[in-house]
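The following note is intended for a colleague who is meeting this structure for the first time. It takes up strand pairing, helix packing, a cavity and a peptide bond in turn.

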Amino acid sequence: MPAAVVVLAAGSGTRVGAEVNKVLLPLGDAPVVAWSVRDALALPGVARVLLVVRADERETVAAAVAPYLGDGEVVVLAGGETRHASEWNALRALAPEIESGAIDVVAIHDGARPLSGTSLLADTIAAARESGGAIPVVPLGHLLARDPSVVVPAVELVGVQTPQAFRAPDLLAAYRAADADGFEGTDTAACLERYGPAGFTVAAVPSSPANLKITFPEDVALAERLSG
């Protein structure tokens with residue numbers, strides 16, 4: 001059954017120090033955000049790709065990714081004031097297809113993570129179909145405690161990345177419940193943790209530090225090296 005992929009690109013990216021939204025910065029042969037869009041379009045079984053952007057950048061971002069779509073189609077939507085609000089806007093746009101059963105899984109990805117690749121997206125969607133939800137994780141190392149006498153067992157800690165994927169009906173129901181309560185989660189998994197169905201589980205999908213999020217100026221240079 002087909003999946004949908006939502007690429008979030010509605011942030012400002014001020015910490016990266018650029019004059020434009022960081023997702024529009026050049027990376028190799030394409031803007032940062034185009035990498036995630038191309039990966040989603042290239043994956044068999046993905047029926048819908050939504051790109052969520054700031055309302056005042058819809059035309060700019062659409063024009064930036066247009067040369068990289070090939071025969072694929074991407075819906076460009078205006079996001080909200082927060083990440084959660086942007087996700088909710090995307091889910092409302094997908095609601096008719098979710099309710100009809102035309103889409104069974106929705107993956108939500110940060111447009112500022114251009115190097116996730118098709119394999120991680122495919123693995124995350126597959127794991128969500130089986131478990132209900134799936135998130136990429138990577139072991140954390142080089143950790144320091146505030147108290148130098150405390151040893152932090154890094155092997156027990158992981159960093160959470162995107163794409164995060166979930167069974168579509170559960171995801172839509174959770175966001176509807178969150179909207180009714182006025183709740184906003186820090187990421188997609190946080191909303192499902194609070195409003196997911198009984199017995200809901202999230203599978204951990206092994207990822208890599210190469211799936212970095214471009215946040216600071218040095219991240220742009222690192223992504224450039226990794227993309228080569």
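1. Two strands are said to pair if DSSP finds at least two bridges between them. Helices (H or I, at least four residues) and strands (E, at least two) are DSSP runs, numbered from the N terminus. Strand E6 (residues 105-110) pairs with strand E9 (residues 164-167) in the antiparallel sense, over four bridges. Within this part of the structure, alanine 107 has alanine 165 of E9 as its bridge partner.

2. The model is a predicted one: local features need pLDDT of at least 70 and side-chain atom pairs count only at pLDDT 80 or more, whereas totals for chains, interfaces and linings use all residues. Residues are numbered from 1 along each chain as its sequence is written, and side-chain values use heavy atoms, with hydrogens and water left out.

3. Strand E9 is also joined to strand E7 (residues 132-139), by two bridges, and these strands run antiparallel. Here glycine 133 has phenylalanine 166 of E9 as its bridge partner.

4. Helix H3 (residues 83-100) packs with helix H5 (residues 168-181) at an angle of about 130°, their axes being 10 Å apart (axes are lines fitted to C-alpha atoms, for helices over the stretch in contact, and angles run from 0 to 180 degrees between N-to-C directions). H3 is therefore oblique to H5, since angles under 35 degrees count as roughly parallel, over 145 as roughly antiparallel, 65 to 115 as roughly perpendicular and the rest as oblique.

5. Helix H1 and helix H4 (residues 117-131) pack at an angle of about 60°, with 9 Å between their axes. That angle makes H1 oblique to H4.

6. How many cavities of 30 Å³ or more does the structure hold? There is one, and about 50 Å³ of space lies in the largest cavity. On a 1 Å grid over the protein atoms alone, a cavity is a set of points where a 1.4 Å probe fits but cannot get out; lining residues have an atom within 4 Å of a point. Grid points are joined across faces, edges and corners, and a volume is the space filled by probe spheres set on the points.

7. The lining of the largest cavity includes Val5, Asp39, His109 and Pro163. H1 gives the most to this lining, with three residues.

8. Proline 163 lies in the loop between strand E8 (158-160) and E9. A cis peptide bond, with omega about 15°, joins threonine 162 to proline 163. Most peptide bonds are trans.

Key:
On a 1 Å grid over the protein atoms alone, a cavity is a set of points where a 1.4 Å probe fits but cannot get out, and a pocket is an open set with protein on both sides within 12 Å along at least five of seven lines; lining residues have an atom within 4 Å of a point.
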